[in-house]
Amino acid sequence: MELIFLGTGGGRVVACSQKRATGGFVIKEENFQIHVDPGPGALIRCIQNHIDVSKTKYLFLSHAHFEHVAGTWEIVEAMSGGGLRKGGSILMNKSCAFGARGEEIFSPILQEYWKNFLEIKVLEAGEEIDFPEFSIKTCRAIHEDPYAVGAIFKFKSITIGYTGDTMFSKEIAESYRGCDLLILNVLRPNNFKLKMHMCTIEAIEFLKYSEVKNAILQHFGMKMLRVGPEREALFIKQATGKNVIAATDNLRVDLRKFIMQEGLGKYYEK
Ligand SMILES: [Zn+2]
């Protein structure tokens, strides 16, 4: 079982310049995979990372911002053989399915013809759905997209939380308790707060309340890249005593080794 980062960029400037890639990430098992938040360039990033998109059985969209969904069309086409192969599910929040009016106005990205070959599940925060290979529990997120969600992917051997884009809230952090690993979207460094997102100082609070021992940071904006995500990860690690790393584009984490070696700390000690 593997976790592959097809991009670690966040925000408009980084996504448009591709200073960091924005393909989302994939949780890969032997016979299937879950692709999460396929932003611009998702398909080409899969190909560059030798990911067979025809094995993508589940596609998860946390919210309707372009650097999380712009690659959806190409992934849907590739995972379904251009619509010829039935099967697979697309799990999306309400804004992706129906559009929304919040701080920003979103149109639906869901195409009617996808319903001919994919199962469509529209997720709201607090739902729990079982699939044959895993279960997903959606968590609340506070973001410009009023229906944005985070998710907890529960497999037999490991539970992975993904915050999606959200601002810090004690309650949201607590909803990730019990995860073995948390993927945390931290747009900005230090105390450079931006409404509806998290900076380093807020990520420290988030990790404390979530009680999760292992975290991987991603979704870096320009300010974060200038400072260096590795430096910020080290700062968070020292402040919390938890195992924290900053993801890099194309990073592959062997989750089986991760589980056997009791977490990210020992996994990265080599
Ligand atoms: Zn967003």
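Residues are numbered from 1 along each chain as its sequence is written, and side-chain values use heavy atoms, with hydrogens and water left out. Because the model is predicted, local features need pLDDT of at least 70 and side-chain atom pairs count only at pLDDT 80 or more, while totals for chains, interfaces and linings use all residues.

Reader: Which element gives the most to the lining of the largest pocket?

Author: A pocket is an open set of points on a 1 Å grid over the protein atoms alone, with protein on both sides within 12 Å along at least five of seven lines; a cavity is a set where a 1.4 Å probe fits but cannot get out, and lining residues have an atom within 4 Å of a point. The largest pocket is lined by 20 residues, with Gly11, Arg12, Leu187, Leu194 and His197 nearest its centre. Two or more residues come from each of helix 1 (12–17), helix 3 (66–69) and helix 8 (222–227), where helices (H or I, at least four residues) and strands (E, at least two) are DSSP runs numbered from the N terminus. The most, 3 residues, come from helix 1.

Reader: How much space lies in the largest cavity?

Author: The count comes to 1 cavity of 30 Å³ or more. Of the 13 residues that line the largest cavity, Gly9, Gly24, Asp37, Gln218 and His219 are the closest to its centre. A volume is the space filled by probe spheres set on the grid points, which are joined across faces, edges and corners. For the largest cavity the space is about 90 Å³.

Reader: How many residues in the lining of the largest cavity are polar?

Author: Ala, Val, Leu, Ile, Met, Phe, Trp, Tyr, Cys and Pro count as nonpolar, Asp, Glu, Lys and Arg as charged, and the others, Gly among them, as polar. Strand 2 gives the most to this lining, with 3 residues. The lining of the largest cavity has 2 nonpolar and 2 charged residues, and its polar residues number 9.

Reader: Is the ring pair of Phe168 and Phe206 stacked or edge-to-face?

Author: Rings of Phe, Tyr and Trp (its six-membered ring) pair if their centres lie within 6.5 Å; planes under 30 degrees apart count as stacked, over 60 as edge-to-face and the rest as tilted. The rings of Phe168 and Phe206 have centres 6.4 Å apart and planes at 75°, so the pair is edge-to-face.

Reader: Which residue in strand 2 is the bridge partner of Gly7?

Author: Two strands pair if DSSP finds at least two bridges between them. Strand 1 (residues 2–7) has 5 of its 6 residues buried. Strand 1 pairs with strand 16 (residues 252–254) over 3 bridges and with strand 2 (residues 22–28) over 5 bridges, antiparallel. In strand 2, the partner of Gly7 is Thr22.

Reader: Is Tyr58 buried or exposed?

Author: Tyr58 is found in strand 4 (residues 56–61). Ring pairs link Tyr58 into a cluster with Phe32, Phe60, Phe131, Phe134, Phe153 and Phe155. Contact means heavy atoms within 4.5 Å, and beyond four places in sequence Tyr58 touches residues including Gln33, His35, Met79 and Ser89. At 2% relative accessibility, Tyr58 counts as buried.

Reader: In which strand does Asn93 lie?

Author: Asn93 counts as buried, at 0% relative accessibility. Leaving aside neighbours within four places in sequence, its contacts include Leu61, His63, Val122 and Tyr147. The strand that holds Asn93 is strand 5 (residues 89–93).

Methods. Buried < 20%, exposed > 50% of the residue type's maximum accessible area, 1.4 Å probe, protein only.
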